[in-house]
Amino acid sequence: MNSLKYWLLLLILFTSCGNQETFQILNLDTAKKMIQNYYESGQFDKECAEAINVGIAEIEKLKLSKNSAVVFDIDETVLSNYEHTKELGFGYVYELYEKWLRQGNAKAIPETKRFYNWLVQKNIKVIFLTGRHAEDLASTKKNLLAEGFTNFDTLIVRSAQNKKIAAAEWKALERERLTKNGYVIIACIGDQWSDMVGGFTGIKIKLPNYLYIIE
Ligand SMILES: [Mg+2]
């Protein structure tokens, strides 16, 4: 019995030490420098390439049809808002973010562009499904075209009435609607798990995002 108590105590101590390590707090400046280094050293692109290559290998195993489609999220998946976020010291101000979106100057994420080119060459349809507002539709389209995404089937933005439901739920409903309209969704690519929970996702390609989380 004594021996059991001893082992239980050891287990509790071990678990507590583990928790302390898990919750080690970083200085905000240090954290920002780490994030900047991650995005600017090529590590972000490398991790994107790895996730996309796994996705391509999976897609290559599928039997495709003329309605096969891949659903793309836009922000931090197709277009990068990194420069804007960095300018604000890795912060977020709604009005400034909307202003940035309306300028339509975001740069393409190179690895996602490579994936898009591969899909187009395979005659797989491309659908953009973004939480951006209807007011951002024109600048989003302009930005996508300017960055070379000229060959897509549909661009879906979020209407005012759909803003009330969670991003994940809304995206799942839209994928269901697309499927009912005849698309066969073979894969989803996004930087948030909320881009790919629920049904009708196909293969899930999750890109890294160390800037924010959308639930
Ligand atoms: Mg996104």
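Accessible areas come from the Shrake-Rupley method with a 1.4 Å probe, and for residues only the protein chains shown count as cover. On that basis the accessible surface of the protein comes to about 12600 Å², of which 58% belongs to carbon and sulfur atoms. This is a predicted model, in which local features need pLDDT of at least 70 and side-chain atom pairs count only at pLDDT 80 or more, while totals for chains, interfaces and linings use all residues. Residues are numbered from 1 along each chain as its sequence is written, and side-chain values use heavy atoms, with hydrogens and water left out.

**Overall make-up**
- The protein has eight helices and seven strands, taken as DSSP runs (helices H or I, at least four residues; strands E, at least two) numbered from the N terminus.
- Of the 215 residues, 40% are buried, where buried means under 20% relative accessible area, exposed over 50%, and partly exposed in between (1.4 Å probe, protein chains only).

**Magnesium site**
- Asp73 (OD), Asp75 (O) and Asp191 (OD) coordinate the magnesium ion at 2.0 to 2.1 Å, donors being N, O and S atoms within 2.8 Å of the metal (3.2 Å for Na, K and Ca); water is not among the atoms, so sites may look incomplete.
- These donor residues follow the spacing D-x1-D-x115-D in sequence.
- Asp73 counts as buried because its relative accessibility is 7%, and Asp75 is likewise buried, with a relative accessible area of 10%.

**Pockets**
- A pocket is an open set of points on a 1 Å grid over the protein atoms alone, where a 1.4 Å probe fits, with protein on both sides within 12 Å along at least five of seven lines; lining residues have an atom within 4 Å of a point.
- The largest pocket has a volume of about 610 Å³, a volume being the space filled by probe spheres set on the points, which are joined across faces, edges and corners.
- Its lining has 29 residues, and Asp75, Tyr92, Tyr97, Tyr212 and Ile214 lie nearest the centre.
- The second largest pocket holds about 270 Å³ of space, and among its 15 lining residues Phe44, Ser80, Tyr82, Ile109 and Pro110 lie nearest its centre.

**A buried loop residue**
- Thr201 sits in the loop between strand 6 (184-190) and strand 7 (203-206), and counts as buried because its relative accessibility is 8%.
- Beyond its neighbours within four places in sequence, Thr201 is in contact (heavy atoms within 4.5 Å) with residues including Arg175, Ile185 and Met196.
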